[in-house]
Amino acid sequence: TVELPPTITQLAQSVSGDRLDLAATAEVAGVEPLTYEWSQAGPLLAGGDIDLIATGPLGLFVAWGSSSSPLSQQVQLDSAEVVGTPAAADLDGDDVIDLAAVQTDGTILILAGSGDGNFTSAGTISGYSAAVSVVAGNLDGDGLRDLLVIPGGFDTPSTLLSDGDMNFSLRVVFNGVAYPGAQLVDWDGDGMLDCLAPVPGSSTLNFSAGIGDGNFAQPIALSHSVAIRSLSLGDADGDGALDIALESATGAWEITRAEPINLPPANRIRVPDLTVTQGDIDVSIPILADCETDIEAWTAVIIWEPSLMTMTSLSATGTALESVIDFQVANIDDDDGVVIYAVIIDMLPPFDGEVLVSGTGHELGFATCNIQNSATEGAHVYGPANGYSANNGSIFDNIFVSAGTSINTELVTGIITVDAAPATEDPPPTEDPPPTEGPVFIRGDVNGDGIIDLTDGSQLQLWVTGAGVMPSCLDAADVNDDGIVNLSDPIELFDFLYQGSNPPPAPYPDAGPDPTADGLDCNQ
C-alpha cells in the first residue's frame with residue numbers, strides 16, 4: 001500500500017520487459033481525477049529491495065522500504081510536472097541510481113542519487129528537439145549510461161552521451177530512429193544497443209542498428225499487419241530468447257515469439273564474430289567462457305591466420321577477474337598465429353578460495369590485435385583449437401581446472417570479416433633514415449656471452465637486489481625495454497625461459513643497436 005497525496009483510488013499494472021509499471025488514478029477535491037505513472041526502478045537504494053518512482057501533475061516522487069515493510073517511505077523530489085516515465089540508471093558511474101525526468105517544456109531534469117533515498121538536482125539538459133521521454137542505455141561502449149532523447153511527433157531525435165560527471169555531449173541521430181514508445185535492445189546480437197520504435201499512426205516498426213559510438217544507422221522499416229501504438233520486449237515464454245509484444249491502436253496485443261539462440265550449458269571457450277578493416281590497430285577481442293562448475297585455472301589455445309593479424313597482448317586487464325588472478329602468462333606466436341594463455345586464480349597466500357564461478361559469458365581476457373594492411377577481404381575463421389604449440393614450445397589443449405581435475409572444453413570459433421581500407425593517396429617519397437649509431441647487444445644477454453640462459457637472470461637478480469655486480473651493458477639488462485632496470489626484468493627473463501612467455505624486444509635474438517631511446521648505457 002502506498003499513500004502518496006492525493007488518495008489513490010484505482011491501481012493497474014503492466015509488465016514492460018523486466019520493468020513493472022503501475023498506473024494509479026487519484027482524486028483531488030474539486031478537480032478531475034489525476035493519473036500517476038509508477039515504474040519499478042529499483043533498487044534505488046543500496047539495500048536491494050525494489051523501489052518505485054511516481055510521476056504526475058504534482059511532480060516526481062520515490063517510494064521505498066524494506067522486505068518487511070515495502071514502500072513505507074515516500075519522498076517528493078520535485079514539484080514540477082513530469083511527462084512520462086523517468087529513466088532510472090547510474091548516469092555518473094558511481095554505482096548509485098540517478099534519475100532523468102522529462103518536464104513539460106521538453107527539458108530533462110537530472111537528479112543525482114545518494115543511495116539513501118535522497119536525490120540532488122544536477123540541473124536540466126536538452127536534446128536537439130524537445131523531449132517527450134528518455135531511455136537510458138550504454139550507447140557508446142564506455143560503460144556509462146547515456147540517454148536517448150525521444151521527441152514528439154516526427155521531430156529529430158538525439159542522444160546525450162555521459163562523461164561520468166553529470167555532463168552530457170549532444171549527438172543528433174537520423175530522423176525516424178526514435179518515436180514515443182521506443183526501446184533500446186541489442187536486437188541483432190552484435191553487443192551494441194539498437195533502437196526499435198513504432199512509427200506514429202502507422203503499421204511500421206523502425207529498426208535502427210546501434211553503431212557503438214552513440215549513433216545509429218539509418219532506420220529500416222519493418223511492416224506489421226495493423227497500426228502499432230507501442231511495443232514491449234521480454235522473454236514471454238521463458239526459453240531464453242527475446243520476444244516482442246506489439247500493441248495495436250485498438251489496444252489488442254500480439255506477441256511474436258523468437259527462437260532461442262542461447263548455447264546450452266557447457267564447459268566452453270569461445271570468441272565473438274567481428275568486422276574489421278584492413279590496417280586497423282589495437283582491435284580488442286574478448287576471450288569468452290561458459291562453465292558448468294567453478295573453475296580454478298584454465299589454458300586457452302587461440303589460433304588465427306598469420307596473414308590476417310598480429311597479436312600484441314592478451315591479459316585479464318579490464319575483466320571482472322583482473323583483481324583475483326594470481327598468475328597469468330600469454331605466449332604469443334605471431335609467426336604461426338597461436339597464443340597459449342594460462343591462468344591460475346588462487347595460487348598465492350592467503351589462499352582465499354577465489355574461483356571463476358559457474359555461469360555463461362565470462363571474459364577470460366582481452367587480446368589486442370593489429371589487422372594486417374594486406375589482410376584478404378572476406379571472412380576468416382579464428383578461435384580456440386586443441387593440439388597447438390607457440391614458439392616451438394609444448395603442445396597444449398584448451399582445459400579448465402575444477403577441484404584439481406582437468407576438464408576438456410567445448411570449442412566455438414568465430415568469424416573475422418575484413419573490409420577493404422579506404423583509398424588514400426600515396427605519401428610523398430621520403431629519404432631513408434640515417435643509420436642508427438650506438439653499441440650493439442642482445443637484449444637479455446646480461447653477462448655478454450652471446451647466450452641467454454639461467455646465468456643471465458641470476459646475475460641480474462643479484463644485482464637489482466644489491467648482492468651482485470652491475471652488468472656492463474644496462475641496455476641488455478633492460479629485458480622489457482621500459483628504460484629502467486629493476487626486479488621486473490629478471491622476472492620477465494625467467495618467464496620467457498621457463499614459462500613460454502614472449503621473447504625480449506629487439507635487439508633479439510640477433511645483436512643490434514637499441515631501437516628505443518633511453519638513458520641506459522652499454523659499455524660493450
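Two strands are said to pair if DSSP finds at least two bridges between them, where strands (E, at least two residues) and helices (H or I, at least four) are DSSP runs numbered from the N terminus. The model described here is predicted, so that local features need pLDDT of at least 70 and side-chain atom pairs count only at pLDDT 80 or more, while totals for chains, interfaces and linings use all residues. Residues are numbered from 1 along each chain as its sequence is written, and side-chain values use heavy atoms, with hydrogens and water left out.

Strand β23 (residues 274-277) pairs in the parallel sense with strand β34 (residues 414-419) over four bridges, and within β34 the bridge partner of T275 is T417. One face of β23, formed by L274 and V276, is covered, whereas the face with T275 and T277 is uncovered.

In helix α1 (residues 454-464), the buried residues (under 20% relative accessible area, with a 1.4 Å probe and protein chains only) are D456, G457 and L460. Seen down the axis of α1, these residues fall within an arc of 95°, and they therefore line one face of the helix; the arc is that of the directions from the helix axis to the C-beta atoms. The cover over the buried residues of α1 includes α2 (474-477) and α3 (488-498), and just after α1, G466 takes a positive phi of about 85°.

Elsewhere, V172 lies in strand β14 (residues 168-172) and, because its relative accessibility is 39%, counts as partly exposed, a class that runs between buried and exposed (over 50%).

Technical notes: Contact = heavy atoms within 4.5 Å.
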